[in-house]
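Please read this report alongside the sequence and the 3D model.

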Amino acid sequence: MKENKKISRRKFLGLSAGAVAGLAFSPSIPTLFAASKKTYDYSILPAGKREYIASNCAMCVNKCGIIAEVVNGRLHKLNPNPEHIKSRGMLCAKGNAGAALPYSPDRLKTPLLRTGERGEGKWKEISWDEAFKYIAKNLADLKQKYENRSTVAFASTEGFQEEFYYYLVNSFGSLNTVRHTTLCLASNIQGWSSVFGVFPDADLLNAEYVIMLGADRAQSLITPDSVNFQRYKPEGQKLIVIDPRFTVTASKADRWYPIKPRTDQGFVLAMINVIIKEGLYNRQFVESYTHGFKDLEKMVQDYTPQWAEKKCEIPAAEIVKTAREFAAHAPRSVIYPGRRSSFYSHEVYVRRTFAILAAICGCWDTKGGVVPRSSIKLNTPEVSFPFFMQTRDRVDKESTDLLKDVVPSSVMCPMIGTGLPEDSCSFLSERDGSWLTFREAVLNDTPYPVKGFFCFKQNPMQSVPNTTKTIAMLKKMDFICVIDMQMSDTAWYADIVLPHTSYLEGWDPATGISGINPLVEFRQPVIKPLFDTKTMFEISGGIIREMLNIPSLWDDIEPDDLKNFKEDVVEGILNRPIQEYIKTQVSNYPGALEKLMNNGFFTVESKKPTYGATRTPGFRFKTKTGKIEILNERYKEFGLFPLPKYCEPKNFVQKSGTYRFLVGRTAWNTQTTTQNIPYLWEIEKENAVWINPGEAGKLGIVSGDYVWIKSRVGKQRIKALVTEKIRPDCVFYSNGWGRRSPWLSRVYKSGASEAEIIEDVLDSISGGTCLHETFVSITKA
């Protein structure tokens, strides 16, 4: 596709959404709307017994409500649940495409045991009994050989069945767990929580003024936000998008600013400068609820709009205008917390700055502002697991000396440095770990060797930057077990692969979804399982029962611990139907089980949106001072700068002929999990790299040419898309391509992988992975 529209640099830097409404979107977009123009002959619909069964989607993190239409036992269609309070009658392309998932010829259908070399692709089918025995024996062998249960690591991603994965983890006793969080939201959560004590939601349904920096809610879908700001926003709501790319969200904005990457913090600090200098902040709120305002006032004196203009390449007048508008609409103004990944090595300070802007304008816990989440407490059975003597602490708690390779001086902020405060997990959930520090420790066998690896529905081969290191990590393992629905790139390198039941074929436990409108969801089978698959509830139970047959797995615990474990966990939960577990979970709410069965979710009257509970005299925030901490006292104790001072690497200059690599999402794919699904593959059959026309012209590249993208850690071949929707100093392509697993037949060796070229750079406060600190060169292929 060739774009002919010309935009001068001056227009490019201050473009409004209206002025660029004519810019072309992806060539695949029209196919999304073509169906609405067709006339259907409803007489061709299959005849027979028709059922409508409520459940919830699992095609991404949103868990939207669905109504499955089943004809003669076969899934015919997935419809949106119009009553669902989170998805609000919406079901996206991914949700609709889920109907094809159970019937995919590429899904895993039975347990597989490797018979050749790792990555060679030689497998044999085995029974579940054989699989459980094989895994239990390997766990016992690893424990005996290394005398340390933490020599086995467990990776996972979020989902309703993940709690049962942790039954397996805790039954073995390893402390080495890594989740998706440090590949996603870790820095964001830490930044906002360091100010308010919690990570809030944005009340987009009632906001009058919204600023989104780097968040593409029209593509990277999050319900209800993606629905609210497009379909249900209040009349007159203004949207300001600040992003190096002209995203779909930018196309819906009142103003779009193509900011220079890594300068978001400077833009917001200059806003704070204007708001304080002109007395536009909420003086009463600041005096009543915040700590450190005077220090902030002094710090931002030098962060003028004129200073920020040079950093951000956005006119000072536009920064002043945005600051005044934000303050004028406060408290119904939102600087969006969102789900933007960790981008830069100072990302925690970027997010602290966003949160402080909201705080000084009083946009906290009020209608149309940012609001603390509420939740519905379930009666989930509390169980205790044995205390194992042969368990050492996490490897990434003792690996700060190894971090110099993942905190390079070229991106280091002087006020942060290379070491994490005290240890690698000081500001993290212990369960989440830190993927980059974990991998460095494994590669260096420090402080001890990790030789076993379990992976549940995560794909580190495609999701963790610098694939070369991930392969090296896997090669160090004596044993690898992957549990998934498809033969992912990570599964391709496993010793044994267990097929997980799809979300449409099994029961999932009740799970609370926190938010401004909290609810409880679950999943029930809409069709019978098509193949020899099991849920994680069943898999954990099967492995644990086999573990109990091996005495050496229990020789480092007290006999009473083992007795109680058998009674409470194995007999009390795993040996019973999961429906009993679900019934117990919701037993405190009369009629809840019936609501789950009929609607797929329930909520309670007392959890309707309320505002202001934290804006009352004497309320203590979850911070050291009990106030909203503009100046963070805990950071001060750890030797970190307690205010969000502007952070940039010393003497950094982007090399000529290089481009900052940006990440982003499309509305029709979820990370690396959905590209092989037929309906979604029809929309995008391979990804393409966005290149600005000016740069493409210098390189002699036109749309459709294949190019090589090369970074310090890898090289990928990909098709070019020449477009004015990206700054000249950046390039971008979507995630989930360039796959190594031949069993992903549609996307095998198609397009380019992000993980192969993104460098492994660490945000050393949160442990997050910095996805925008990679520079690439481009040549024609």
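The text below goes from domains to sheets to helix packing.

This is a predicted model; local features need pLDDT of at least 70, side-chain atom pairs count only at pLDDT 80 or more, and totals for chains, interfaces and linings use all residues. Residues are numbered from 1 along each chain as its sequence is written, and side-chain values use heavy atoms, with hydrogens and water left out.

**Domains**

The bounds come from an automatic or database domain assignment.

| Domain | Residues |
|---|---|
| domain 1 | 11-100 + 505-528 + 576-610 |
| domain 2 | 107-186 + 373-406 + 432-500 + 535-559 |
| domain 3 | 201-371 + 623-637 |
| domain 4 | 659-780 |

The centres of domain 2 and domain 3, taken over C-alpha atoms, are 39 Å apart. Five residues of domain 2 are in contact (heavy atoms within 4.5 Å) with seven residues of domain 3. Together the two domains bury about 490 Å², with 40% of that on carbon and sulfur atoms. Buried area is the accessible area (1.4 Å probe) that two parts lose on being put together, summed over both. C184, L185 and R373 supply 84% of the area that domain 2 buries against domain 3, more than any other three residues.

**Sheets**

Helices (H or I, at least four residues) and strands (E, at least two) are DSSP runs, numbered from the N terminus. Two strands pair if DSSP finds at least two bridges between them.

Strand 2 (residues 65-71) is joined to strand 3 by six bridges. Among the residues involved, I67 has N79 in strand 3 as its bridge partner.

Another open sheet has seven strands, ordered 5-4-17-16-15-6-7, with mixed pairing. Strand 5 (123-125) and strand 7 (177-178) each have a single partner strand, so one side of each lacks a neighbour in the sheet. Strand 15 (residues 452-456) and strand 16 (residues 479-484) are parallel, with five bridges. F453 has I480 in strand 16 as its bridge partner. Helix 5 (residues 162-172) packs on this sheet and touches strand 6 (152-156), strand 7, strand 15 and strand 16. The direction of helix 5 makes about 175 degrees with that of strand 6.

**Helix packing**

Axes are lines fitted to C-alpha atoms, for helices over the stretch in contact, and angles run from 0 to 180 degrees between N-to-C directions. Helix 9 (residues 264-277) and helix 12 (residues 305-312) pack at about 170 degrees, with axes 9 Å apart. That makes helix 9 roughly antiparallel (over 145 degrees) to helix 12. G266, F267, A270, N273 and V274 in helix 9 meet P305, W307, A308 and C312 in helix 12.

Technical notes
Parallel < 35°, antiparallel > 145°, perpendicular 65-115°, else oblique.
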